[in-house]
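I opened the model and kept notes on what I looked up. The entries follow in the order I made them.

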Amino acid sequence: MNRKINKVAVLGSGVMGSRIACHFANVGVEVLLLDIVPKEAKDSSNSKARNSIVNDALKFALKSNPSPIYSKSYASRVTTGNFDDDLPKIKDCDWVIEVVIENLDIKHQVFANVEKYRTPGTLITSNTSGIPIEMMLEGRSEDFQKHFCGTHFFNPPRYLRLLELIPSSKTDLSVIDFLEDYGQRFLGKTTVVCKDSPAFIANRVGVYSIMALFHTVSEMGLTVEEVDKLTGPVMGRPKSATFRTCDVVGLDTLVHVANGVKDNCKKDEQNGLFTIPDYVSKMVEKNMLGSKTKQGFYKKVKGDDGKSKILTLDLNTLEYREKQKAKFPTLELTKSIDDLKERTKVLAGGKDKAGEFYRKSFYGLFAYVSNRIPEITDALYKIDDALCAGFAWQLGPFTTWDVLGVEKTLPQIEAAGFKVDDWVKEMVTAGCPTFYKVENGIKYYYDIDSKSYQIIPGSSTVLSLETLRDDNTVWKNSGSTIVDLGDGILNLEFHTKMNTIGAEVIEGINKAIDLAETKYKGLVISNDGEHFSAGANVGMIFMMAVEQEYDELNFAIKTFQDTMMRVRYSSTPVIVAPHSLALGGGCEMSMHADKVIAHAETYMGLVEFGVGVIPGGGGTKEFALRASDEFKDGIRLNVMRTRFLTIGQAQVATSAKEAFELGYLREGIDEIVVSRAHQLTRAKEAALSLANKGYTKPIQRKDIKVLGKEGLGIVYVGANTMKSGNYISEHDQLISEKLGYVLCGGDLSTPTEVSEQYLLEMERKAFLELCTERKTLERLQSIIQSGKVLRN
């Protein structure tokens with residue numbers, strides 16, 4: 001069956017339902033969002049009153065931060081209604097998703113009504129987080145049962161990549177195959193097929209990890225600050241770490257899941273660990289549930305000075321106190337180690353309390369996941385995939401175990417009182433030392449049933465720098481690596497702090513273009529770091545400016561500009577594939593590519609104004625060029641004003657779609673991919689396509705229309721008005737005038753056509769002049785001293 005998803009019905013508009021609806025709207029699907037009629041409107045004929053629950057829920061979701069939707073315009077793709085009046089409309093839907101309250105009786109009622117109107121052959125799924133899928137099939141038709149399964153999205157659906165698929169014994173396998181592919185390619189998910197076991201995969205292991213930590217805290221006498229310091233980014237986990245995450249999720253939710261596992265998994269060897277500790281039970285009794293009750297492990301209050309501050313819970317007294325700084329010698333040792341795998345080895349080898357904590361945590365986790373196979377899945381890689389996508393861990397349990405050494409840690413795990421399942425020992429004894437291995441760019445996992453390594457599904461068809469890097473590196477320096485992707489296409493990746501762009505990255509870009517022009521067909525610039533690039537190295541700029549080394553600074557900025565122009569004007573196609581942060585220089589690089597293949601979650605912007613300068617790597621020039629292409633009689637001043645404000649307000653796109661709206665990406669040229677896993681593959685395809693069509697080196701533009709004094713008048717009046725109203729500082733006024741001067745091409749008497757080089761020289765001159773300003777230097781120094789990311 002050539003199944004297509006054009007219209008989806010989402011039944012239930014609560015926190016999950018409304019946000020699932022928004023994410024389907026993100027990918028272009030028409031959505032019907034339904035919920036109950038309020039009791040007070042049951043007898044009303046007023047549709048507004050009858051739809052008030054669903055409309056209020058959607059409105060609340062659209063106003064939430066972070067936003068569940070890529071662009072406000074996409075909200076029009078969602079139509080609302082209610083179960084009583086609009087359920088018959090599901091006959092036109094290709095997929096019906098139930099997202100009502102976690103009550104089996106209510107779900108049975110919903111499914112009975114769905115069966116009256118659903119078109120046979122269409123998909124019907126439940127977003128349950130724990131109710132057994134088999135129990136939902138009671139009374140349902142054969143066609144319903146064949147096309148039914150669990151589809152467990154994680155909250156927030158737009159941002160957390162996990163989609164757990166839970167088939168029943170009656171589910172047609174073609175339905176699971178379709179949803180696996182659709183979830184990955186269309187929804188951007190890591191789809192993981194789970195067994196119909198309590199809490200499925202991610203919550204089963206993730207909540208075990210949290211519950212184990214709850215008990216470890218008491219045993220080791222750790223504070224809230226210490227735990228969150230130990231379990232955050234330093235070990236490849238989210239900034240919210242453990243207790244802040246608990247506050248966001250809600251302590252009652254965690255307790256509910258933990259109790260569910262304890263009650264339904266009597267044979268779990270760690271069943272006792274799911275017993276709620278006394279201090280957690282008391283917190284629930286006192287309604288200290290986290291963000292939803294405005295107090296949990298942290299509490300935001302107003303200080304005596306009227307300013308907000310965060311207090312921390314003392315776990316012994318359950319009273320709030322001032323935050324305390326957490327320090328451990330082991331963490332000090334890791335500060336200079338950027339590679340997470342190398343850092344993990346240091347953490348686990350620590351000789352202090354932190355090292356003891358990590359060993360206890362890792363060893364317990366390793367034993368626990370070894371014992372969950374085959375209970376929750378037959379394939380170990382699915383556990384890693386679920387934890388990485390659902391809990392945002394950078395390293396899954398089995399990957400971490402490989403890092404620390406399976407054979408090396410086995411006796412240590414046993415000595416710590418944990419029991420590893422026998423299959424792990426058999427694996428090591430059979431000469432298979434790791435859970436994963438890479439051969440010829442393909443990733444394999446150890447399969448327990450066959451007792452051999454098997455290809456991870458998709459590994460042979462989807463490109464990954466992780467698997468290609470070891471055998472296909474063509475060239476590298478300290479900050480960048482060139483990898484052969486095959487078929488004549490190279491990839492340049494950078495791996496500096498936050499992937500900031502300094503001399504080593506500039507060298508890498510030029511070397512990659514040199515190689516692509518002489519020996520290959522094309523170049524992709526992408527990386528698998530947390531962020532694409534946070535921009536140019538502000539520290540380097542600051543040092544040159546402070547030392548008044550203006551010739552050197554001029555040379556550095558010109559080199560950056562020339563390199564960006566090489567990205568645009570080389571004799572080989574250059575594709576840039578950004579994701580997450582693409583700021584300052586990272587944005588400028590994207591703007592000079594032949595084509596951008598942007599991940600949907602790309603946050604792009606020219607943010608230099610906040611540092612006290614203007615974009616100096618071709619960004620200002622490029623905005624002038626793009627404004628020129630948009631000029632039409634009567635509206636050109638409006639176009640110039642919009643471009644000016646985008647830079648002047650340092651606007652950062654909150655999605656790749658918004659990057660189009662802000663003018664960073666180009667309609668008809670650049671593309672968005674929702675699947676991060678497929679982004680590199682698509683970028684390579686784009687480079688090959690341009691090369692095979694017959695790529696010709698572009699000619700630099702000399703026809704850029706700038707407005708001169710016609711535009712400058714608006715800039716100067718606007719900046720002066722803002723300054724007079726005390727909306728901006730005198731220094732901000734100066735930056736605004738410098739920016740406007742470049743965008744307008746100077747004080748030309750009439751609108752004139754100029755070249756790119758003309759604008760680049762003006763851009764560089766303005767950048768350098770601003771670097772001599774005391775206020776600019778103060779801003780740069782403040783950013784560096786505050787420890788903020790080094791970006792322009």
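**Entry 1**

In which loop does P374 lie? I found P374 in the loop between helix 15 (353-370) and helix 16 (380-390). Helices (H or I, at least four residues) and strands (E, at least two) are DSSP runs, numbered from the N terminus. I noted that the peptide bond from I373 to P374 is cis, with omega near 10°. I looked up a further cis bond, from N155 to P156, with omega near 0°. P156 sits in the loop between strand 6 (148-153) and strand 7 (162-167).

**Entry 1: ground rules**

This is a predicted model, and I kept to its limits: local features need pLDDT of at least 70, side-chain atom pairs count only at pLDDT 80 or more, and totals for chains, interfaces and linings use all residues. Residues are numbered from 1 along each chain as its sequence is written, and side-chain values use heavy atoms, with hydrogens and water left out.

**Entry 2: the whole chain**

I counted 32 helices and 25 strands in the protein chain. The radius of gyration of the chain is 28 Å, close to the 28 Å that the globule rule gives for 792 residues, so the chain is as compact as a globular protein of that length. The radius is taken over C-alpha atoms, and the globule rule is 2.2 Å times the number of residues to the power 0.38. Along its principal axes the C-alpha trace spans about 80 × 70 × 65 Å.

Buried residues make up 56% of the 792 residues. Buried means under 20% relative accessible area, exposed over 50%, and partly exposed in between (1.4 Å probe, protein chains only). The chain exposes about 34000 Å², of which carbon and sulfur atoms supply 50%; accessible areas come from the Shrake-Rupley method with a 1.4 Å probe, and for residues only the protein chains shown count as cover. Of the contacts (heavy atoms within 4.5 Å) between residues at least 6 apart in sequence, 70% join residues at least 24 apart.

**Entry 3: positive phi**

I looked up two residues here. N440 is not a glycine, yet its phi is positive, about 55°. N440 is in the loop between strand 12 and strand 13 (442-447), and at 71% relative accessibility N440 counts as exposed. D487 also has a positive phi, near 60°, in a residue other than glycine. D487 is in the loop between strand 16 (480-486) and strand 17 (489-494), and is exposed with a relative accessible area of 52%.

**Entry 4: strand 21**

How many residues of strand 21 are buried? I get 5 of its 5 residues, 595-599. K595, I597 and H599 point one way and V596 and A598 the other, and all are buried. In a regular strand the side chains alternate between the two faces of the sheet.

Two strands pair if DSSP finds at least two bridges between them. Strand 21 pairs in the parallel sense with strand 19 (574-576) over 2 bridges, where K595 is the bridge partner of I575. Strand 21 also pairs in the parallel sense with strand 23 (671-673) over 3 bridges, and I597 stands opposite E671 there.

I traced 3 strands that form an open sheet in the order 9-10-11, with antiparallel pairing. Strand 9 (298-302) and strand 11 (320-322) stand at the edges with a single partner strand each, so one side of each is left without a neighbour in the sheet. Strand 10 (308-313) and strand 11 pair over 3 bridges, and L311 stands opposite E322 in strand 11.

**Entry 5: aromatic rings**

I searched the whole structure and got 29 aromatic pairs. Rings of Phe, Tyr and Trp (its six-membered ring) pair if their centres lie within 6.5 Å; planes under 30 degrees apart count as stacked, over 60 as edge-to-face and the rest as tilted. W401 and F435 form a tilted pair, 5.1 Å centre to centre with 50° between the planes. W401 is in helix 17 (397-404) and F435 in the loop between helix 19 (422-429) and strand 12 (436-439), 34 residues apart. W401 is buried at 0% relative accessibility, and F435 is buried at 0% as well. Both belong to one aromatic cluster, whose members include F357, Y358, W423 and Y453.
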